[in-house]
Amino acid sequence: MARKILLTALSVLALAVLCCSAVAADGARLKLATTTSLQDTGLLDLVKEKFDEKYNVSLDVVSGGTGIAIQYGERGDVDALLVHDKERELKFIKDGHGLERRCIAYNYFYIIGPKDDPAGIKDMNASQAFAVIMEKGKANANKVKFVSRGDNSGTHSREKQLWKKAGLNYSQVNSSGPWYIDAGQGMGATLNLANEKQGYTLTDMSTFMAYQGNLTLVPLIEGGSDLLNVYVAIAVNPAKHPGVNCTLANQFIDFLVSNEGQDLIAGYGKEKFGRALFSPARGNCTLIGCSDGECAAPTAASCAAA
Amino acid sequence: MQEIWGGFVRAIDLIITLNAQVVEITTRSLYISLSSAFLAAVICVPLGGLIEFHSFRGKKILVNLIQTLYSLPTVTVGLIVFLLISRSGPLGSLGLLFSPWGMVFGQAILVSPIMIGLTVTALAAVSPQIKDTARSLGATEIQIIVTVINEARQAVMAAVLLGFGRALSEVGVAMMIGGNIRGYTRVLTTSIALETSMGNLELSMALGMILISISLVINLLLNRVQGR
Amino acid sequence: MRMAFLEITDLRKTARQGQSLVDILKGINLTVQRGEVLALIGPTGSGKTTLLRQIGLLDGPTGGRIIFDGVSMAGAGERALLQARRRMAMVFQKPVMFRGSVQGNVSFGLKVRGRNDGERVRSALHAVGLSGYEERDAATLSGGEMQRIALARALVLQPELLLLDEPTANLDPKSAKSIDGIIQSLASENITVIMATHNMQQCRKLADRVAVLLGGRLVKLGRPDEVFGDREVCDQMLCSSDGI
């Protein structure tokens with residue numbers, strides 16, 4: 001009997017503790033779904049630190065590819081997104097799930113590969129290089145391989161666009177032989193895999209920089225409008241998803257586009273990697289294909305209007 | 001080999017110096033998995049009792065089904081619970097997704113079959129004469145169930161411990177439901193997955209060693225509980 | 001004539017044994033008065049234990065009915081059954097102990113009734129000759145000690161009806177004698193005792209009446225001298241092996 005009472009008491013205690021913590025946790029939490037690159041590089045840890053302190057809230061970062069991040073947004077499971085896939089961003093907003101695009105930062109994708117460049121793609125443009133990698137890979141998959149994210153992320157999206165630009169049909173490309181390796185993982189894991197296999201891959205610059213220490217692969221093609229990589233923040237539309245915290249989401253986006261936020265982004269990585277990993281959108285709006293409105297601070301009206 | 005050794009040494013260092021991050025993640029892991037084990041136990045042990053003490057059509061099939069679910073893939077549970085508690089799901093209004101609560105809920109579901117099934121087995125092993133004796137001495141039906149559970153308490157305890165071990169070491173539910181949010185839902189297993197993918201092998205190894213140590217302690221407890 | 005304490009009418013019990021159904025009790029008619037000591041005798045498999053379990057309301061009958069102190073138990077609800085059960089107690093042939101101390105075992109029936117009375121536990125232990133055993137771990141007792149603790153566990157409830165299944169079968173002669181003494185003293189307290197036994201001497205000494213079961217039927221019922229004087233019964237009942 002004593003045992004029974006003890007067990008019951010312990011369970012009640014556990015539940016009580018749980019209740020309390022849950023209530024406390026429900027204070028102010030902003031749930032942000034983000035592309036892996038912003039998280040894995042550590043930028044968001046820094047942003048979280050400053051933002052949490054300034055607004056006395058907790059920024060909860062759920063990291064995944066742009067694909068899953070947008071899914072979370074479409075289900076109303078997060079309050080805001082940080083993604084990098086213009087086509088899907090526009091569709092997300094058009095379908096009524098998001099308020100508006102806010103351009104936060106940019107950098108470039110790299111095509112990286114083994115130092116000796118077995119396919120000989122150095123100094124080609126991105127789509128040309130893809131075509132060559134496929135041709136050489138099909139000829140000899142032992143020498144030339146390509147590792148794809150294969151996870152519906154923003155980077156994977158860009159890869160598909162590049163195959164298309166090279167005049168190739170993606171569904172044929174990814175089933176055309178062992179030279180094409182479908183990783184199905186985040187950028188970091190994909191970089192490690194490409195390194196193990198000594199294959200080519202498409203990566204965002206910032207993740208590559210953050211992982212460079214563990215890699216023997218080198219950047220072979222960088223820059224060019226084909227490889228421009230723009231990070232965008234979108235608040236989830238409260239009219240469509242009543243559970244979301246739109247005010248806090250807008251506060252967060254305001255913070256990112258403010259001078260303070262842009263300075264954080266501009267400075268990030270200089271100490272650790274010797275150069276900035278991201279360029280702030282501020283002042284480069286036209287260059288990165290964003291409208292002035294998409295770079296300005298969001299009007300406070302966005303939540304109310306919706 | 002040198003990498004493994006170096007990582008090992010660094011991992012030991014992280015543990016014995018009580019690295020803040022390591023301590024924090026370990027504490028959260030224990031706290032969440034203990035909560036889910038408790039939640040599951042409070043529901044599953046009486047449920048196991050109900051199943052064992054009642055004869056009904058399809059009981060054998062039910063028990064078989066429960067035993068089949070012992071090895072329920074964690075990602076499947078993760079997916080189902082995700083669909084349930086996502087804002088667009090039937091329990092969406094509770095706002096459980098990406099919270100420790102959601103993880104507790106998901107892990108409790110994950111370990112339920114083990115707890116129910118092993119409770120049934122444990123209670124079935126109690127001599128039927130215990131039930132008769134208790135009844136003949138004037139116990140009510142509920143008192144009889146409590147008596148039998150008490151007789152089997154070591155085996156029932158083992159069921160709960162096994163459930164706790166599974167909750168602690170699973171990664172599917174923790175990742176999909178918790179979202180691996182730093183300082184909020186990041187636990188040992190999701191940290192190991194993340195840190196490994198980020199190439200922070202030393203931290204991964206330290207966390208992995210802690211996880212193994214905890215499993216070891218659970219196992220020792222299990223042996224103690226069962227061996228007496 | 002006053003109302004019988006226990007009235008059993010055409011009691012039948014069919015049970016599944018492996019693949020087949022077996023009739024264990026084939027229509028038992030029996031009336032027991034308050035304060036009576038009734039011995040059930042019969043060879044192994046004749047249905048003694050099954051009949052005791054029926055009277056103890058542990059299993060439902062296949063047919064027939066039991067009227068306990070004027071209340072029919074046929075189709076009675078769980079509450080009524082519990083109430084009736086709480087006026088009786090049963091000691092099984094090979095008793096099991098609950099996990100824990102002797103104290104915990106003996107006080108079990110009191111605890112489920114929401115009472116716990118250390119004094120009664122002490123006196124019940126004294127009655128079975130195991131004073132001072134309170135703190136012993138029940139699992140460490142010998143077979144004979146368990147048998148006596150089981151009796152104490154029943155006696156502590158001061159039941160109106162005590163059901164005993166071979167109460168002295170596992171005991172040494174000395175302990176058996178003390179148990180017999182307890183049963184005798186119960187009779188003087190107007191407690192009804194129904195006991196199954198193989199021991200004919202015990203029958204003769206303790207029982208007011210003896211019921212002979214054979215193949216699930218009650219073949220003879222009467223005072224011990226009547227029953228044991230019956231040559232036919234004696235032949236079937238292996239009288240000789242018990243030295244009668």
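**Reading strands, sheets and one buried arginine**

Visitor: Which residues does C:Arg148 touch, leaving out those up to four places away in sequence?

Guide: C:Arg148 touches C:Val128, C:Gly129, C:Leu130, C:Ser175 and C:Ile179, with residues up to four places away in sequence not counted. Please keep in mind that this is a predicted model.

Visitor: In which helix does C:Arg148 lie?

Guide: Look at helix α6 of chain C, residues 143-155, which holds C:Arg148.

Visitor: Which side chain of opposite charge is nearest to C:Arg148?

Guide: A salt bridge needs a side-chain nitrogen of Lys or Arg within 4 Å of a carboxyl oxygen of Asp or Glu. The nearest side chain of opposite charge belongs to C:Asp172, 5.4 Å away. C:Arg148 is buried and has no salt bridge.

Visitor: Let's turn to sheets. In what order do the six strands of the open sheet in chain C stand?

Guide: Here is the general idea: strands of a sheet pair through backbone hydrogen bonds, either parallel or antiparallel. In this sheet the order is β6-β7-β8-β3-β9-β10 of chain C, and the pairing is mixed. The edge strands, β6 (88-91) and β10 (217-222) of chain C, each pair on one side only. On average, neighbouring strands of the sheet are turned by 15 degrees against each other, direction ignored.

Visitor: How many bridges join β3 and β9 of chain C?

Guide: There are four bridges between β3 (residues 37-41) and β9 (residues 209-214) of chain C, and these strands run parallel. To find the pair on screen, look for C:Ile41, which stands opposite C:Val212 in β9(C).

Visitor: Which strands does helix α1 of chain C lie across?

Guide: Helix α1 (residues 48-55) of chain C lies across β3, β6, β7, β8 and β9 of chain C, and it runs at about 155 degrees to β7(C).

Visitor: Which residue in the hairpin of β4(C) and β5(C) takes a positive phi?

Guide: That is C:Asp69, with a phi near 50 degrees; the hairpin has two residues between its strands.

Visitor: Now chain A. Is strand β4 of chain A mostly covered or mostly open?

Guide: Strand β4 (residues 102-113) of chain A is mostly covered, with eleven of its twelve residues buried.

Visitor: Which strands does β4(A) pair with?

Guide: Let's go one by one. With β9 (residues 228-235) of chain A, β4(A) forms an antiparallel pair over six bridges, and A:Tyr108 stands opposite A:Leu228 in β9(A). Two bridges join β4(A) to β10 (residues 279-280) of chain A, running antiparallel. Four bridges join β4(A) to β7 (residues 200-204) of chain A, also antiparallel, where A:Phe109 has A:Asp204 as bridge partner. Finally, β4(A) and β8 (residues 218-222) of chain A pair in the antiparallel sense over four bridges.

Visitor: How is chain A divided into domains?

Guide: Domain 1 covers 28-107 + 229-305, and domain 2 covers 109-227. Their centres, taken over C-alpha atoms, are separated by 27 Å. In contact are 19 residues of domain 1 of chain A and 19 residues of domain 2 of chain A.

Visitor: Which chains share the most contacts?

Guide: Of the two pairs of chains in contact, A and B share the most. No contact joins chain A and chain C, whose closest C-alpha atoms lie 10 Å apart.

Conventions. Residues are numbered from 1 along each chain as its sequence is written. Chains are lettered from A and ligands numbered from 1 in the order in which they are written. This is a predicted model: local features need pLDDT of at least 70, side-chain atom pairs count only at pLDDT 80 or more; totals for chains, interfaces and linings use all residues. Side-chain values use heavy atoms; hydrogens and water are left out. Buried means under 20% relative accessible area, exposed over 50%, partly exposed in between (1.4 Å probe, protein chains only). Lys and Arg count as positive and Asp and Glu as negative; His and the chain ends are not counted. Contact means heavy atoms within 4.5 Å. Two strands pair if DSSP finds at least two bridges between them. Axes are lines fitted to C-alpha atoms, for helices over the stretch in contact, and angles run from 0 to 180 degrees between N-to-C directions. Domain bounds come from an automatic or database domain assignment.
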